[in-house]
Amino acid sequence: MVSTDAAYVPPLERASCLAPFDPDWPSYASTYRLLTASKTNAVGADGVPPWFARLLAPFIAEPLSLLYALSIHYSFVPSQWKSAIITPVPKIPSPSKPADYRPISVLPLFSTILEKLVVRRFLYPIFLQPPLSSQLSDQFAFRPTGSTTAALVTLLDRVTTLLTTQPYVHLIALDFSKAFDVARHSTLFEKLSNLPLPDPIYSWFLSFFHCRSHQTKFAGELSHLRHINSSVVQGSATGPPMFIVSTSDLHAVTPGNSFSKYADDGTLVVPASNSSSIPTELANVATWSGLNNQTLNISKSTELIVSRRWTRGLVQPPPTAGVTRADTLLLLGVLLDNHLSFAPHVSKTLAQAAQSLHALKVLKTSGLPMHSLTTVCRATLAARLTYASPAWWAATSEADKGRLQGALKRAVKWGVSNSPPLDFESLCRQADETLFNAALQNSSHVLHSLLPPVRQHNHRLRNRRHPLVIPLRTKFTDLNFCQRMLFPNHPPA
């Protein structure tokens, strides 16, 4: 069974003499808000339909908030809330083996709401405070302001900075097997015990993870309950932040090397001068994996050598033992090539856009009105073309930008979007401005640390779009989102 730790050790407990927990938390309003905002329709092991809970929210929010307060006060999670129903969903059209299915875990609704209340009040604020904030600086998932776009922007910022002084950079995408399902509880709570959590909340998490079970629902049949002693509980509100706490101590051991993490997707960045340190870094990851009950698949890990486009006669380093070397690397949905031209990514995106156009034509033939078609076109086709665009669009060639604009023109030509067609560059510039302003105005934003310091002067100058120091323009400016956005006029060269 996947979620079983053969070397299970009970997590560390706390003996607390603290005063009783605040009985007025959570409030009726916060419980009611989460009840009515629930979007799921899946029924958990408790058998309570979410639509029914939403309908009765005005009547059950108050007694439910009292029940939640008692659960926190006594650091106790009812056993009825500790069971999950797993539904296998096919990954491919014709599945033939268990690996062809993706397990979707459904938890009781009332348990999930309490988890959200606890996580938002106690865990997320700690993520913004030292020392955990510095430990999570390379993690971009399940954090306020974190996103795949921010992860890619930071990764490319690191790579382009290194390429100004290095002939090439290693990017090694690491593959972990079932990372969420096998997380070890003892090491997780050892890290959790070092955080400034109130004792009742720490003990509540301990009760939440203790003696959990799940059962599989397939073809209308339910399997027997099976107890688990590992995992961060997939499908729960607690699982994602707990997982990044579990991975918070995974860092590079050689100065100059770094990690970029998005959930269980980890990318090791190594400059050319540190090529000899790669075996040491992989050994460190393997050691960490053993301590945390994770499995690092070296054979499924991929290495990409990134070099400057204008470099001639570059001699690449020998391949890393056990790691596959490739000319392209798919990271968080964006296809990187060895010169960061993003031409392969544009081709991949256009192939996916063709599928979206076909789906829009089917909707048109089914009688969907034009205004609705235009809305769906923006939400599917345009969103697919501009996915994570701040990280890559300015570095693409004019020919590739024309190809992307052509997909938007075809949407108008085929009658699935209003005329005139959407402008690809305008959409990308809008995404640029939104992300840059968010990072500039929020000191807790994951990209804020990449911005230069504020200019110091005593002159009364005209207003500018930002008060930051403007760096020197380099050959990598178009590849570096933060540098590119600092210039008053930032169209790509």
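**Pockets, cores and a sheet**

Modeller: The second largest pocket has a volume of about 450 Å³. A pocket is an open set of points on a 1 Å grid over the protein atoms alone, where a 1.4 Å probe fits, with protein on both sides within 12 Å along at least five of seven lines; lining residues have an atom within 4 Å of a point. A volume is the space filled by probe spheres set on the points, which are joined across faces, edges and corners. This is a predicted model, in which local features need pLDDT of at least 70 and side-chain atom pairs count only at pLDDT 80 or more, while totals for chains, interfaces and linings use all residues. Residues are numbered from 1 along each chain as its sequence is written, and side-chain values use heavy atoms, with hydrogens and water left out.

Colleague: Which residues lie nearest the centre of the second largest pocket?

Modeller: Lys91, Lys178, Ala179, Gln234 and Asp264 do, out of 15 lining residues. By class, this lining has seven charged, five nonpolar and three polar residues. Asp, Glu, Lys and Arg count as charged; Ala, Val, Leu, Ile, Met, Phe, Trp, Tyr, Cys and Pro as nonpolar; the others, Gly among them, as polar.

Colleague: And how much space lies in the largest pocket?

Modeller: About 560 Å³. It is lined by 28 residues, with Ile86, Pro103, Asp181, His214 and Thr216 closest to its centre. The lining divides into twelve nonpolar, ten polar and six charged residues.

Colleague: Which element gives the largest share of that lining?

Modeller: Strand S4, with five residues. Strands here are DSSP runs of E, at least two residues, and helices are runs of H or I, at least four, numbered from the N terminus.

Colleague: Changing topic, which residues touch the most other members of the largest nonpolar core?

Modeller: Val118, Leu192, Leu197 and Phe205, in a core of 62 residues. Such a core joins buried Ala, Val, Leu, Ile, Met, Phe, Trp, Tyr and Cys residues through side-chain atoms within 4.5 Å, buried being under 20% relative accessible area with a 1.4 Å probe, protein chains only. Helix H4 (residues 109-127) gives the most to this core, eleven residues.

Colleague: Finally, what is the strand order in the open sheet of five strands?

Modeller: The order is S7-S8-S3-S9-S10, with mixed pairing. Two strands pair if DSSP finds at least two bridges between them. Strands S7 (258-262) and S10 (324-325) are at the edges with a single partner strand each, so one side of each has no neighbour in the sheet.

Note on methods:
Buried < 20%, exposed > 50% of the residue type's maximum accessible area, 1.4 Å probe, protein only.
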